[in-house]
Amino acid sequence: MSISLLDRPSPPKERKETPQFIPDLVYFEPKALEYPKGRRIFDWVQQQGIPYRMTTSHNRITNLPGETELEQYKNAKRTLVVGIRKTLKFDTSKPSAEYAIPIATGCMGHCHYCYLQTTLGAKPYIRLYVNTDEIIEAARGYIKEREPEITRFEAACTSDPVGLEPISGSLRELIEFMADEPYGRLRFVTKYHHVDSLLSARHNGHTRIRFSVNAKYVIRHFEPNTSRFEERIEAAGKVARAGYPVGFIIAPIIWHDGWEQGYSELIERLAASLPSEATKDLTFELIQHRFTKTAKNVIERRYPKTKLEMDIEKRKYKWGRWGQGKYVYPDEQADALRMLLSERIFEHFPMATIDYFT
């Protein structure tokens with residue numbers, strides 16, 4: 001029996017690679033052009049034909065396009081501000097590291113739950129700092145203060161620097177600086193896979209690259225404009241083969257229908273995808289979903305159709321270190337999430353370390 005062309009199954013469509021971030025609009029602070037990196041980015045913007053403007057300060061940017069707050073927010077996420085980091089006093093970054101090292105602020109991702117919704121609520125555009133040498137010198141001073149203790153720096157507290165690395169090159173600079181510091185270590189986490197420029201960097205094992213991963217349900221519904229799960233895992237394999245210590249942050253851990261299967265599948269996929277060398281020094285950080293009342297209000301305005309569950313009546317109020325509390329899962333649910341993930345992690349990665357569950 002003959003089969004017509006109409007009866008034949010069509011070949012599967014190839015999924016496009018998540019593109020690198022290209023801003024729609026760039027602002028330059030005048031002093032940024034006094035630095036080599038600022039001039040390089042300025043030349044790149046002109047070559048790309050990206051519209052740009054000058055501003056005396058990012059605080060004076062008030063005319064982003066858009067008739068509504070939601071439109072302005074979306075446009076801000078496509079806006080890059082190139083400037084200098086004036087404050088070189090680093091914030092603490094517990095429990096991930098001793099200090100946050102500031103190379104950028106803001107993120108191009110649209111993760112519904114992100115805490116940057118409130119911390120950068122009024123200015124959600126992306127800022128990139130070009131005075132990297134001065135930031136590195138400040139980090140050197142913090143290392144000297146704590147010798148002979150190890151000082152860890154987190155580079156992703158207020159941004160996703162991997163998403164900006166093709167433009168900035170700042171991570172590679174930090175990595176190669178930290179490689180020569182016997183008492184310094186660098187850490188950063190990402191939802192992006194654009195790591196190729198870091199693979200040849202001299203790191204001396206002093207930088208741990210972590211990838212934020214989650215159950216498929218969470219990635220599908222709450223992490224728009226980020227690299228796909230498969231791309232992140234492929235990137236983790238690349239950096240592991242380049243000799244970097246690797247880690248995973250599972251955050252936010254979200255209670256949803258089928259969560260047991262979803263998180264079990266996640267760990268199984270990691271185990272099947274990672275090269276064996278990555279499993280010998282592997283870290284996990286587990287963070288349950290939490291929110292504040294302020295965050296709830298902002299998220300519901302910016303993502304009015306979100307499926308993110310933020311029912312205060314179903315949550316436990318947990319006081320924070322700075323006197324501000326957050327809504328987390330009740331103890332019974334939190335314990336169930338922690339137990340399942342811990343069991344699955346040690347089942348597939350017996351040599352792994354779980355740094356914390358919070």
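**Helix 5 and its surroundings**

Modeller: This is a predicted model, and I would begin with helix 5, whose buried residues pack against helix 1 (36-48), strand 3 (79-83), strand 6 (104-105), strand 7 (126-129), helix 6 (170-179) and strand 9 (184-190).

Colleague: What makes helix 5 (residues 161-168) largely enclosed by the rest of the structure?

Modeller: Buried means under 20% relative accessible area. Seven of the eight residues of helix 5 are buried, so the helix is largely enclosed. The buried ones are Pro-161, Val-162, Gly-163, Leu-164, Glu-165, Ile-167 and Ser-168.

Colleague: And what follows helix 5?

Modeller: Gly-169 comes after helix 5, and its phi is positive, near 70°.

Colleague: Why is Glu-332 called exposed?

Modeller: The cut-off for exposed is over 50% relative accessible area. Glu-332 has 71%, so it counts as exposed. This residue lies in helix 11 (residues 331-348). Its C-alpha atom is separated by 15 Å from that of Glu-313, 19 residues apart along the chain.

Colleague: How do you know whether the radius of gyration of the protein chain agrees or disagrees with that of a compact globule?

Modeller: For 358 residues, a compact globule would have a radius of gyration near 21 Å; the protein chain has 21 Å, so the two agree. Along the principal axes, the C-alpha atoms fill a box of roughly 65 × 60 × 50 Å. Of the 358 residues, 52% count as buried.

Colleague: What share of the contacts joins residues at least 24 apart in sequence?

Modeller: That share is 76%, taken among contacts between residues at least 6 apart in sequence. The chain itself has 11 helices and 15 strands.

Colleague: What makes a set of residues a nonpolar core?

Modeller: The members are buried nonpolar residues of the listed types, joined through side-chain atoms within 4.5 Å. The largest nonpolar core has 97 residues, and Phe-153, Phe-188, Phe-248, Ile-250, Tyr-263, Leu-270 and Phe-284 touch the most other members. Leaving aside residues up to four places away in sequence, Phe-284 touches residues including Phe-248, Ile-250, Leu-270, Phe-349 and Tyr-356. A second, separate core of six residues includes Leu-64, Ala-76, Val-81 and Tyr-125.

Colleague: How are the charged side chains counted and placed?

Modeller: There are 53 positive and 47 negative side chains, and the centres of the two sets lie 3 Å apart. As for the surface, the chain exposes about 17900 Å², with carbon and sulfur atoms supplying 50% of it.

Notes
Residues numbered from 1 in each chain as written. Predicted model: local features only at pLDDT ≥ 70, side-chain atom pairs only at ≥ 80, totals over all residues. Heavy atoms only, no water. Buried < 20%, exposed > 50% of the residue type's maximum accessible area, 1.4 Å probe, protein only. Contact = heavy atoms within 4.5 Å. Helix = DSSP H or I, 4+ residues; strand = E, 2+ residues; numbered from the N terminus. Rg over C-alpha atoms; globule rule 2.2 N^0.38 Å. Areas by Shrake-Rupley, 256 points an atom, 1.4 Å probe, with all protein chains shown as cover. Lys, Arg positive; Asp, Glu negative; His and termini not counted. Charge placed at Lys NZ, Arg CZ, Asp CG, Glu CD.
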